[in-house]
Amino acid sequence: MEKVEDQNPQQEEDQVVNPWEVSAKDGGKIDYDKLIDKFGCQRLDQSFVDRVQRLTSRPPHVFLRRGVFFAHRDFNDILDAYERGQKFYLYTGRGPSSEALHLGHLIPFMFTKYLQDAFKVPLVIQLTDDEKCMWKNLSVEESQRLARENAKDIIACGFDISKTFIFSDFDYVGGAFYKNMVKVAKCVTYNKVVGIFGFTGEDHIGKVSFPPVQAVPSFPSSFPHLFSGKDDLRCLIPCAIDQDPYFRMTRDVAPRIGYHKPALIESLFFPALQGETGKMSASDPNSAIYVTDSAKDIKYKVNKHAFTGGQETIEKHRQYGANLEVDIPIKYLNFFLEDDAELEHIKKEYGAGCMLTGEVKKRLIEVLTEIVERHRRARAAVTDEMVDAFMAVRPLPNMFD
Amino acid sequence: MGYSKDQLLARLKELQIDFSQYEHPVVLTVEAQAKYVGNVGGALSKNLFLKDKKHRYYVVSALADTKVDMKVLSQRLGLGKGGLRMAPEEVLGEILKVPLGCVTPFALVNESASHVSLLLDKGFKTQERCIFHPLSNDMSISLNAFGLDKFLKSIGRDPTYIDLEANPPVGKDQPPDLASLVPLGSTVLPDLPEKTPSQDSSGNHPSAGNNSTAVTAKADKPSSAVQNVKEKSVNGVRPSIPSTDAGKFVEELLDRTSTLLLSEISEDSIKRHGGQLGAEVANNIRKCLREDLKNLATIVKNTAYTEGFYAGTHYQPKRL
């Protein structure tokens, strides 16, 4: 019986991590070891990365190599089944609360695209427009509009339309999906959901009854047009670790209603430009790199706003080297610089004080600009008709090819 | 090719919209217009052509007396405090296809303006008749707001009337009330400089010569601008992005490969690898281009699938 969070997180821990709030203790860094321990998931160690490489016959994704995706639940079961010839499907999603997407938002999607390509499996993407309508007090129309806009950026990450189904809750909830929602809802008491998500008597009933919506895409029977007759199909969910509570609840319920528990593979949080302790917020455009930023914007933001671990003067820097622990350009390069050897070299030289902050920032600007440019070009090719096609309830006959 | 004044008037008659027309010398301001049509029994309108930082455009059409505060409007649209400004002159002709001083809701009849959002003063509804330019400054037409609505609906627009003088609070729990009026796609215009010509040419005042070169430099590009301004066409016109053209796709692939190939072969690399240079370059090309080309191929695949999907959902079954 795995550990299930049943106390209000705000009460005892100083670190708060749940789907609606992420904050470290005393304005410090998130302690991921503590988090893994508290949530009860497992560390993804090197043996997993090697195994993935073997099974997929291709180099593992940079996020795996660098420990960006660092925790999991039952990923080994997925791999065991895969080795036996049993496929699985992927499930990820986005809460469309704003039009402006930044690089942090793209991370789970970049990784999911890699998983789709490497394992050749289908993918469902949930746009929780209803959740944002409720939590952010958006109008129904606005949240639906944002969902479609975000869908375009998601599609631009390069998903294969013949293996991908994107849906918005307002459009899709009903039928078999809703039946599963009720099955899940019957298994979770009010007290339990308050314990997991921290709801209070002041929260409206929409919020309280939302969790099943995010739970049931983990079950293949929620998508009869895709997985009819494949009730045994397993599900792997790539997400950021703050989504863990939803799926802890789901995993608890699954065996009780006769389904496989979904497996999870979880990522770190993407730090704000101003540093780990800063918050990336939609109202501060300088806290993140947006996919709509021009090369000039990126250069400006990195040069002026990225928090560095470099010393105050060149002499001091040459003597002591940079503090890699807090240096944002190094952290960002860790996420996005493909070449392992080059990253090692930069870390070594910068840490020793031979390389200056300006050079590291320059390299980062190049890397980020290339990514944003590539995304923009792909985004320009996404039409409303393409969004309609991705979101149409249609069979995907080649989804395992 | 922009809609002409005569075409517009013919269209209004076709739609049986009741209007009166008044010819007068060319006017560039509401004050000048008032001299000629100030007492024909209609309310004068002032029309602003605005843009935001993401190259999205808006026509704000209001009664001449209504106070329009750009800062407030910007916030209500969700663009922040200084997000709206007057659109530059060059863009007026390219998008609305009307001359200076002639911004009018009727300009939205043009395909190039399909992305432009229209904000109408609810004050129009209380007037018997309102006066607008019919795509040219040497004439004014007066019509009832119902007539305007009928026209707008005929070009696939849903007329939205708002209280332009309202100033509702916008904050964390009060989302901008006009956010749904922000256009879905941004209008992609070729490399228009954000700065005015005077700033570019080291402090010279924008002379007529300066402006004309600026305009002609862009004159050869409007077709691509119009093509890019497609995303959500008013009447659901099919996308015309060349991404499924096999020829263009192959050219793109070959371009990238040969650029990389040429950069890999140099005196230096020949010396270094000698006979093995071929294998070395082939390897590098694979390594560098693999992901990029796969992404390109996925875009082509998705676009082709979408075209097929569209065709499939719009096909007419055989009549038996």
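Colleague: At what angle do helix α8 (residues 140–155) of chain A and helix α21 (residues 384–391) of chain A pack?

Modeller: This is a predicted model, in which local features need pLDDT of at least 70, side-chain atom pairs count only at pLDDT 80 or more, and totals for chains, interfaces and linings use all residues. Residues are numbered from 1 along each chain as written, chains are lettered from A and ligands numbered from 1 in written order, and side-chain values use heavy atoms without hydrogens or water. The two helices (DSSP runs of H or I, at least four residues, numbered from the N terminus) have axes 10 Å apart, and they are therefore roughly perpendicular (65 to 115 degrees) to each other. With axes fitted to C-alpha atoms over the stretch in contact and angles running from 0 to 180 degrees between N-to-C directions, the value is about 90 degrees.

Colleague: How many charged residues has the contact of α8(A) with α21(A)?

Modeller: Contact (heavy atoms within 4.5 Å) is made by Arg148(A), Ala151(A), Lys152(A) and Ile155(A) of α8(A) and by Asp384(A), Met386(A), Val387(A), Asp388(A) and Phe390(A) of α21(A). By class (Ala, Val, Leu, Ile, Met, Phe, Trp, Tyr, Cys and Pro nonpolar; Asp, Glu, Lys and Arg charged; the others, Gly among them, polar), 5 are nonpolar and none polar, while the number charged is 4.

Colleague: How much area is buried between chain A and chain B?

Modeller: The contact involves 30 residues of chain A and 28 residues of chain B. In chain A, Arg145(A), Ile161(A) and Glu385(A) lose the most area to chain B, together 20% of what that side buries. Carbon and sulfur atoms give 51% of the buried area (accessible area, 1.4 Å probe, lost on being put together and summed over both), which is about 2400 Å².

Colleague: At what angle do the axes of α21(A) and α11(B) cross?

Modeller: Glu385(A), Met386(A), Asp388(A), Ala389(A) and Phe390(A) of α21(A) make contact with Asn302(B), Thr303(B), Tyr305(B), Thr306(B), Phe309(B) and Tyr310(B) of α11(B), a contact with 6 nonpolar, 3 polar and 2 charged residues. These helices are therefore roughly perpendicular to each other. Their axes come within 9 Å and cross at roughly 80 degrees.

Colleague: Which helix gives the most to the lining of the second largest cavity?

Modeller: The lining (residues with an atom within 4 Å of a point, on a 1 Å grid over protein atoms alone, where a 1.4 Å probe fits but cannot get out) includes Ile155(A), Phe159(A), Met386(A), Thr298(B), Ile299(B) and Asn302(B). By class, this lining has 8 nonpolar, 3 polar and no charged residues. With 3 residues, the helix that gives the most is chain B's α11 (residues 277–313).

How values were computed. On a 1 Å grid over the protein atoms alone, a cavity is a set of points where a 1.4 Å probe fits but cannot get out, and a pocket is an open set with protein on both sides within 12 Å along at least five of seven lines; lining residues have an atom within 4 Å of a point. Angles under 35 degrees count as roughly parallel, over 145 as roughly antiparallel, 65 to 115 as roughly perpendicular and the rest as oblique. Buried area is the accessible area (1.4 Å probe) that two parts lose on being put together, summed over both.
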